[in-house]
Every structure is written in structure tokens, then in C-alpha cells.
2 protein chains.
Amino acid sequence: MFVPAIKGSGTEEQQKKWLPLAYKMQIIGCYAQTELGHGSNVQGLETTATFDPQTDEFIIHSPTLTSSKWWPGGLGKIATHAIVYARLITEGKDHGVHGFIVQLRSLEDHSPLPDITVGDIGMKFGNGAYNTMDNGVLRFDHVRIPRDQMLMRVSQVTREGKYVQSNIPRQILYGTMVFVRQSIVADASSALSRAVCIATRYSAVRRQFGSQNGGHEIQVLDYKTQQSRLFPLLASGYAFRFVGEWLKWLYTDVTQKLQAGDFSTLPEVHACTAGLKSLTTSATADGIEECRKLCGGHGYLCSSGLPELFAVYVPACTYEGDNTVLLLQVARVLLKTISQLGSGKPPVGTIAYMGRIEHLMNCRSKVQQANDWLNPSAVLEAFEARAARMAVSCAKNVSEFANKEEGFTELSADLVEAAVAHCQLIVVSKFIEKLQQDITGRGVRQQLEALCAIYSLHLLHKHQGDFLSTNYITPKQASLANDQLRSLYTQIRPNAIALVDAFNYTDHFLGSVLGRYDGNVYPKLYEEAWKDPLNDSVVPDGFHEYIRPLLKQQLLTARL
Amino acid sequence: MFVPAIKGSGTEEQQKKWLPLAYKMQIIGCYAQTELGHGSNVQGLETTATFDPQTDEFIIHSPTLTSSKWWPGGLGKIATHAIVYARLITEGKDHGVHGFIVQLRSLEDHSPLPDITVGDIGMKFGNGAYNTMDNGVLRFDHVRIPRDQMLMRVSQVTREGKYVQSNIPRQILYGTMVFVRQSIVADASSALSRAVCIATRYSAVRRQFGSQNGGHEIQVLDYKTQQSRLFPLLASGYAFRFVGEWLKWLYTDVTQKLQAGDFSTLPEVHACTAGLKSLTTSATADGIEECRKLCGGHGYLCSSGLPELFAVYVPACTYEGDNTVLLLQVARVLLKTISQLGSGKPPVGTIAYMGRIEHLMNCRSKVQQANDWLNPSAVLEAFEARAARMAVSCAKNVSEFANKEEGFTELSADLVEAAVAHCQLIVVSKFIEKLQQDITGRGVRQQLEALCAIYSLHLLHKHQGDFLSTNYITPKQASLANDQLRSLYTQIRPNAIALVDAFNYTDHFLGSVLGRYDGNVYPKLYEEAWKDPLNDSVVPDGFHEYIRPLLKQQLLTARL
């Protein structure tokens, strides 16, 4: 985040000076935003950068304990420089949070510079995961930096200490945000499909119950209970990949629009990227743990690769915007869109469906038999109607409060649900759009169509309360969706292994004994066990001092 | 499990001989059941115990790689003896799985006895958790043990090698199972309420957003989004405690019945304990991780206590019966109960409500306004009707298959959902029963009533699809339940801290900086960070060898 921050917020001169140093590793930068007391509320950061016109310097200071920078990756032991986010104070006025380049450690002996306290914040979740990263703590005691180390692309402080804003619109910073979130969605697809690949392959190797006449037991992958938990995750891995690819296109599109000074789509792009970040990371974190459970006891071994994958992944639900906070931002855009309906400003992009609100509020599903649910337009309308009705219902309930902001706060749990419905619609619609494009090979298309239907119908089943309570479907239609889902599982089963092989992950990348391509799980699990250092000695250290006296009832004379 | 296994399956002489040794720690026992290739399917275990009448011994043997014992706790480095579960073979016939006491290591020097291979299976989830336990691997190469080391309470092998069964009914073994599962449910309550205590206290300390006129920001605990995720878990902590207490009573009751030779309630007791084990452990594992997320970024630090709590807890979803497998067992009992309705054998205990099936299939909720949902009988009927209708619908669908077993397999995902509905009903009904007992203090009762309503109505909201699709409630009534839930959150909020303080956990037991009783979170987090060994030196090891040459562009001459 050091480089994107300078790219996004630095002037051309700053980019010319600092980026080559960072790229050549002559300095090691970190991004110091979060503090002990403030994460989500960036505007509440407490570190100050007070301009001193006498010396043409900023004084960077940590006025409280909670203003200590906390979490920045690479800060604890390694970074030489940081982009420090601090409240800019000049001419006695607080101008809010801005970025400053601050050197932290000597380039000669790496010792912290004077008046800087810096260290590591300690152990984190898992035994590997982010414990290989020196997330750090950082405090400043009136540290002075030259004025030109403020990132001045958007706002400047003059030699005299005047705060001025350039004519570069602040909105261009959104480009970086879209880029970062797009890569998070792509990562979600990658992490989830890794876990799914491990669990699917192992479920084909693992057999349990159902042996008849001394034959093989049943492959765990053949159980409907396993399929109903695993195949929706397989479908999600594909769904997130396609929506991630689409987000890459969106990033290019929004960058071009921003450069042309067109900010009209920004609220929608903001809602869409915030929502997809939230949706995909939550589903992936839960999905990895579900895959671990689907591997039974052996999934609990580190050699399964799943504990590490989980511990590395879960912070994605919190960083770059807490997932619940992001959904509330989506909800705000939805409410605003609804309030502007009929104003002659039709909703765009992923919210465009709201333009058909009258139809969506009144239509009913026309599904009559199970396989009617294979019709993409039947599914799409269901998700549109559900999302629209939930959002409209929230808007109506909020409007009944005298104070709208109070209403928003009071109903925020419902608003989160409406935002989820909207985001699920985006993923479903992008999956369907993908299938309308050229896809090489007829067999491939069939499989992707089945996965798309599984993704959609498992959500419909899981959230059937939403669809039923908004009267879009009847209980009978809900039940037909469930029937169709079951037959889709049967349909996808013979290709399940091929569909995870298609991710093309090497055994090295998977890092899992259970997910080996060759399926040679048990011998390798056995081999792996003996590599544990505990097995270097047959009789464990301490036996003679502690255990033998215990066994021999010589406790009193033992050193215990 | 070594001691309970001998208590349950050993003869009186075996109990007299082995239990004192185990209690006095003159031997250290472990329970060796699970194998590399078999966990859930105990009847599929492959280790053999072949009787040799010539020497009056059993030959314990691991015929395949997958027959290696795998997972037993304490086995890896410490145990001197094990109860080994193996297929009893005598007179050329396989009599299925029985228990055998086998010495593994010398009591003098702790080395493995001849023809025994034993070791640790390696690292597991988390950095502490079960890594402090030496889960082990064990193989036998024709190891001989005396005949009297077979646990012979229920079945015996005579000196001549005849397999005979005593007149002690096998069902008495269920007593041990009920005891173990009851303690798992009690542990679930304890683990979940620990996590809830940490998250609730920290949510009162943590403030974010909403500062007006320079005042304090809003306590995170005041946000409805936080409340709607946290308070149902708080309520679950209480609910699981009460159902755990009731299970203790059930254990006493079933023990008395078994001793009196009354096995009539066993199927119901089995379903009930299996289901509650599954329900409470799944909810607790998910709940701990949810509490961690509710603590934002700081929840990811080990000093929060939550990563460790999670890693220690999650295996409970798999051990002592995989949670999905257990729910299918519940479903079987439900289907059997339904098939016997009207046979003059009325369902008992927690399934007694099925006796009122006609009413439950046809009744409709009478709720007209939000606070009608505070009426326990309105809630109870809703959960009974939902559980009954889902089970009956499954029974009907299964019966449409020519082969019922095929139908059961094909519809197993639906059956799992029906089983969950049944188990949630049990927890709800036991919470309601608890409130009908004497509770000291009027204020306490009010709070518990609110928690009971939160527990029930959050489930009703989460699973509203079940209630709606079975036509017990209307969308309007579902919405009223949600309104009531929201106002219950407001009602419980002022007492949230008192309700977690009431668990009476010491800071030492909680092991969490975030969950400290005194709320002094930030100074202690800061203090804790500096204790990390990485902070023992200011400049990290390796700086001069690796980092400095990098910074100075001396890569070619560096040792990297």
C-alpha cells in the first residue's frame, strides 16, 4: 500500500522521487493508517501533523495512547519509511486526515530515528499465516519532517502555511480503491477454490460406510450431505472468479471515465466494489472453514493445508473496510437510488434494475416445474425482485422515522440483509452474463451452466425466507428450486474432480496432503507425520525427570 | 476416554485391576479407536485381534496402512497403555469391533514394546490449542496380549475360543455416551459464553464513529448491527447452559432406567443427545469466530484470546460423532417416530410433540402484533409446527421412493435441515421450561425471559423460510418477529455487560486482553505487544547480512 498511496496521493515530483527508491528497495515502505483506537473510522485518526512555518516543517506527533499506529504490515521490524496518515493542522485549524512520508529508521544501522518508538504487535491467529509479517506499532514524539513530504496531489500546504486544494478532483482517489478491491475479490476466488480443490479431491479419496459384500465403501463425495455443502462452494469459486474478471474491466472503465472527468458512475461503482469485497471475503472465510470440516478430522492437521489457509484468509473480512461497515455503505446507495427514482436520473450499472422497480415489485415467479429454474431469466428476475423488494421495504421503514439517520441506525441489521441481497444479485448476474459470452467447448458451457444454477439456487434455498416473505415465489416454487438443486448435484458429481483440476493448482501451491493431485493421501499423511520434530526421539525429553517418577509413585523425590 | 471405556466395557475384575492403576497414574492410558481410514464408521475399523487358542492370547495386528490408529490423544509420546478397538476374530469368524487393553511402552524406560510403532501425527490447527496434545499414530505387527485383556463385560471369548455374549444388555453402554455428550454440551456453553464475554466487554470499550461536538464516539455495542450478531450469541450461551443442565438430569434419569432394565426411552435419548451435541458445537464454533470478527482487527491478535479459543474448540464439531452424521441419526429417529404414529406407541420425551401431529400440521400462528411473539406458547407452537411439518414432509418424500434407504440417501440434505429444526425446538423448549421454574430475583427472570425470546426469535428470523414455507406464519408475522427482536436488543443492551459478568469468568480464565473485567484494554494491548520476543532487539537479526546490502544495492556482494 506504500506504492499505491504515493501513486494515488503524491504529486508528480513525489512519485518521481519516492517510487524508484521503493521499487529498487533502497527504502522499504509501509502504509501507516490504522491506529490502536481507530480502524473503520479513518476520519477519527488522532496522530497530528502540525505545520511549523518557522522551519517549513510538519511536526508528526502521537498525542494519545490510542493514536499509536497499530497493524501496519512491515512496520514492526523492517520498514525504513512509512506513509503516515495524520490530521493536518495549520494556522490553528484541523484540516482532517492527510498522508505524510516519514522516515522511521536509519538507512545505515536500521535503528529507529530519534523520538520514534516502533516495534512488533505480537502473535496473531494461526501458527504461520500473518506471523511471518511484522505488523507493527509506531509512536511519534514531535518528529519533524520537511513540508514536501506531505502527499500534495489533492491538497497542499504553502510555504506560509496556507491550506489549499488543487483543482484535481478528490474522486480520482477512488481509482486506487477500485483496484485494491478488485484484487481482493480475485484473491477470494483463488483462496476459496484452493480450499474447494482440497476438499473435493479428498472427498473422492475418502470412503466411509456403505460397503456391501466386502466391496469398497462409498466415496464421501457421493453423499448428498457432502455435495450440498461442497458443490455450492465449488460454484462460488467459479462465480467469484467471473465477478472478479468483470471487476477488472470495471477498473479500466472507471479509470477512463475518471480521466475524462466523468464521475457520474462513482456512487454505483463504490457500492458495487464495497459490496463485492464484503460478500466474497465473508463467503470465502466461511467456505474455507466449511471445506476443512468437510475433510473430517484430517482437515484439522496442518498437513491438510486448510488451517493455514483459513488463518491467512480471515483478516480479509476486516481489512480494507470491515465487511459490515461496507454493507451499510451499499445500503446507503440503495436507499439514495430509491429516493431518486422517477427524478429523471435513471440508476446505472449494477443498480440499473431498480429502474424497472414497478415491474419488480409486482411480478411473480412463473416457475411451474423444477427445471424451469434452469432458465437464467427466471433466476435473474427472482434475485432482482428479492433485492428490489427488500431495499424498498427498508426505505419505507426508514422513511417512517422522523429522523432518517435514526431510522437508518435502528434498521441497520435489515439494511445489511438488503445489501447482501443486492450483492448476491450482482454475482448471479455476472455469472449469467459470462455464459452469454463465447465459451470454447460445448461440454464446458454445460458444466458452467450447471455451476451457475447451483450458485443461484443454493442461495435461493438458503435465503428462501427473503423470496417467500416478499411474495415473489410460493412455497411450492421454493420446493421445486430445492428439487432442481438436488438433481444439479447429481449432474455435476461426475465432473467434480475435473472442475477443481481446471483451477490448475500445483501440489506445491495447494500445500495440502489431502488435496494431492495423485490422490495418494494416506501414505503421504503417514510419511508427513514422521517428519514432525517430536518424532526425532522415541522417548520424549523429560520422561526420566517427570514421567517415570510419576509412574513409579516417586513423586515426593521427583523434581516436579 | 480410557477410564470411561473400562468402566463401560470392562468386567468388574478388569475395573478393579486397571482403574486404580490409571487413577494413581501408574499407567497412562489412551483410547485408540479412530484409524487413518476410519472415523465415523466405527464398524469399518481394520485393526484385528485374532484369538490364538494355543497360547490363550490375542494377536493384535495392523493389516493395512489405513488400519494405523490415528488421532488418539496422549498416544503420540506419553501413553503407556491403550484401549485398542479391533475386529475380534476367533474360530475363523469376524465378530466385529471390541476393546482390548494393550501395553504400548515399557514402564521402565518408556521405549515402545516390540512390534509396536508409535509416534506423533504432527502439527494441528492454531499455535497452541491441540498442539499441546500428543495425538498419535500406532501400528501393531502381530502383538500378543493375554486373553483377559479383552474388555469382556458384554461379550466374552472363552479359553477355547468360543465367542459368547453375557446377558448384560448392550444398551447399558449408552449411559457412557449420554454422559460424554452431556459434558460436550456443557463445554459448548462454556466456550461460547467465554467468547461472548470477551466480545461484549470489548464492544463496550471500543468506540467508533458518531462523535458529535468533540464528544465520545459511539460504543460499538450500541450499533444494531453489532447487537444483532452478538446478542443472539449471548442468548445462545445461556440457552446451551440450560439445555446442558437438563442433559445432566437426563443422564441420571437414563442411568436409573437402564439399571432397571427399561430401554424404552433409549432411541429418543440417543436422538436428543446426538442432536444437541451437533447443534451446540456447530453453533459454538461459528459463534466464537463471529465474536472474533466482532472485535475487529484486534480480535486477530492472540492476546485477544479468541484465535486460541477457536482453534481449541472447532474439533468438537468432528469428534464424538461428526455433526452431520449425528443429524442424520436424529432424522432416522424422527422418520421412525412418524411411521409409528397411531400405532398405540406414543412418542416420548423430546419427541412427544409428534403425538399432537394433527394439530401441529394444521394450526396457524395467532400472532397479531410484535409483542405477541413474547408469549412462550406462541413461540413453542411455532417451533413445534415447523419441526413437525419439516419432518413429515421429509417422511412423505422418502416414502415416494421404491427403495426407502435410497430415498433417505437422496434426501439427506433435507433430512439434516429437519433434524436441525427438531434440535432447535429442544433448546427453545428447555429454555422456556427453565423460566417456569423458581428463579431468584424478579429482575433476573426478566432478563432471562428477554434472552429466551432473543434466542427463539433470532432463529425464527434466520430460518423464516422454514416457517413461511410450511405456512405456519405469514410474511407479516415474520416481520413482526423481526420487529420484536429489534426491540429486545434495545431492552437487553443496558444489561449486556452484567449478563456476561454473570458468567463469573476470571481474567485469568478468559485469557484475553480485550475481555478484561476492568475494561483497561488499550494500555494492556500496548503493554502486551512489547512482551513479544521479536521486540527483544531493536534491530532485527539479519539486518546487516540481508537487509542493509539490499538497501545499499550491494546485492551482488551480499550473501543472499
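**Interface and annotated sites of a two-chain model**

In this predicted model, 100% of the interface residues of chain B are also interface residues in chain A, so the copies meet through the same surface. When chain B is rotated by 180 degrees, with 0.0 Å of shift along the rotation axis, chain B is superposed on chain A with an RMSD of 0.0 Å, which is the relation of a two-fold axis. Among the residues of chain B, B:Gly465 is the one that comes closest to this rotation axis, its C-alpha atom lying at 1.8 Å.

The contact between the two chains was then described by residues, by area and by pairs of atoms. On the side of chain B, 109 residues are in contact with 110 residues of chain A. The size of an interface is often given as the accessible area lost when the parts come together. For chain B and chain A the buried area is about 9300 Å², and carbon and sulfur atoms give 62% of this area. On chain B, helix H17 (residues 521-530) supplies the largest share of the side that touches chain A, namely 6 residues.

Attention next turns to positions annotated in the sequence record. In an unreviewed UniProt entry, the annotation "binding site" covers A:Thr34 and A:Gly73. These residues span 40 residues in sequence, yet no two of their C-alpha atoms are more than 10.6 Å apart, so they gather at one spot. A:Thr34 is found in the loop between strand E1 (29-32) and strand E2 (48-52) of chain A, whereas A:Gly73 is placed in the loop between strand E4 (69-70) and strand E5 (81-90) of that chain. With a relative accessibility of 25%, A:Thr34 counts as partly exposed, and A:Gly73, with a relative accessible area of 32%, is partly exposed as well. Leaving aside neighbours within four places in sequence, A:Thr34 is in contact with A:Gly39, A:Ser68, A:Lys69, A:Trp70, A:Trp71 and A:Pro72.

Not counting residues up to four places away in sequence, A:Glu320 touches A:Met1, A:Val180, A:Arg181, A:Ile184, A:Lys277 and A:Leu326.

A:Ser304 is found in the loop between helix H5 (266-294) and helix H6 (306-313). This residue has a relative accessible area of 1%, and A:Ser304 is therefore buried, since buried means under 20% relative accessible area. Apart from neighbours within four places in sequence, A:Ser304 is in contact with A:Ile198, A:His298, A:Gly299, A:Gly511, A:Ser512, A:Val513 and A:Leu514.

How values were computed
Residues are numbered from 1 along each chain as its sequence is written. Chains are lettered from A and ligands numbered from 1 in the order in which they are written. This is a predicted model: local features need pLDDT of at least 70, side-chain atom pairs count only at pLDDT 80 or more; totals for chains, interfaces and linings use all residues. Side-chain values use heavy atoms; hydrogens and water are left out. Helices (H or I, at least four residues) and strands (E, at least two) are DSSP runs, numbered from the N terminus. Buried means under 20% relative accessible area, exposed over 50%, partly exposed in between (1.4 Å probe, protein chains only). Contact means heavy atoms within 4.5 Å. UniProt positions are given in the numbering used here, feature names are shortened, and annotations may be inferred rather than shown by experiment. Copies are superposed by least squares on the C-alpha atoms of residues with pLDDT of at least 70 in both. Buried area is the accessible area (1.4 Å probe) that two parts lose on being put together, summed over both.
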